[in-house]
Amino acid sequence: MQITDVRVRKVAKEGKLKAVVSITIDEEFVVHDIKVIEGEKGLFIAMPSKKALDGEYRDIAHPINSGTRERIQSTILARYQQALEEEPEPMVVDEM
């Protein structure tokens, strides 16, 4: 399995949610709405989920093993960091 595309949509508002990501696997399968979240121990990803009838959130799609989860997370977080670095510098206006 190869992650062949990562699209990052940064979230402008303050809070723990930093971005929403879509990944393409093997140029054939897309997973939307993966969240990049700032936690107490740093950034991590949350797979797409929906609220069940019992009020709990359940993942809609997720990796089956920890190695695959780690590979997906490291790829997404690297692309997120790259997207942050690509932000244009804020414009400074000199007041006279």
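Ground rules before going on. This is a predicted model, where local features need pLDDT of at least 70 and side-chain atom pairs count only at pLDDT 80 or more, while totals for chains, interfaces and linings use all residues. Residues are numbered from 1 along each chain as its sequence is written, and side-chain values use heavy atoms, with hydrogens and water left out.

**Overall layout**

I went through the elements and found 1 helix and 6 strands in the chain. Helices (H or I, at least four residues) and strands (E, at least two) are DSSP runs, numbered from the N terminus. Along the sequence the pattern reads β-β-β-β-β-β-α.

The chain has a radius of gyration of 16 Å, whereas a compact globule of 96 residues would be near 12 Å; the radius is taken over C-alpha atoms, and the globule rule is 2.2 Å times the number of residues to the power 0.38. The C-alpha trace spans about 60 × 35 × 25 Å along its principal axes. Buried residues make up 25% of the 96, where buried means under 20% relative accessible area, exposed over 50% and partly exposed in between (1.4 Å probe, protein chains only).

**The sheet**

Next I traced the open sheet of 4 strands, which has the order β1-β2-β3-β4 with antiparallel pairing. Two strands pair if DSSP finds at least two bridges between them. β1 and β4 (42-46) stand at the edges with a single partner strand each, so one side of each is left without a neighbour in the sheet. Neighbouring strands are turned by 25 degrees against each other on average, direction ignored.

I looked at both sides of β2. β1 (residues 3-10) pairs with β2 over 7 bridges, and K10 has A19 as its bridge partner in β2. The β1-β2 hairpin has 6 residues between the strands, and G15 in the turn has a positive phi of about 140 degrees.

I then followed α1, which lies across β1, β2, β3 and β4 and runs at about 50 degrees to β1. Axes here are lines fitted to C-alpha atoms, for helices over the stretch in contact, and angles run from 0 to 180 degrees between N-to-C directions.

**T24**

Is T24 buried or exposed? I found T24 buried, with a relative accessible area of 15%. T24 sits in β2 (residues 17-25), a strand with 7 of its 9 residues buried. T24 stands opposite V30 in β3. Leaving out residues up to four places away in sequence, T24 touches Q2, I3, T4, D5, F29 and V30.

Key
Contact = heavy atoms within 4.5 Å.
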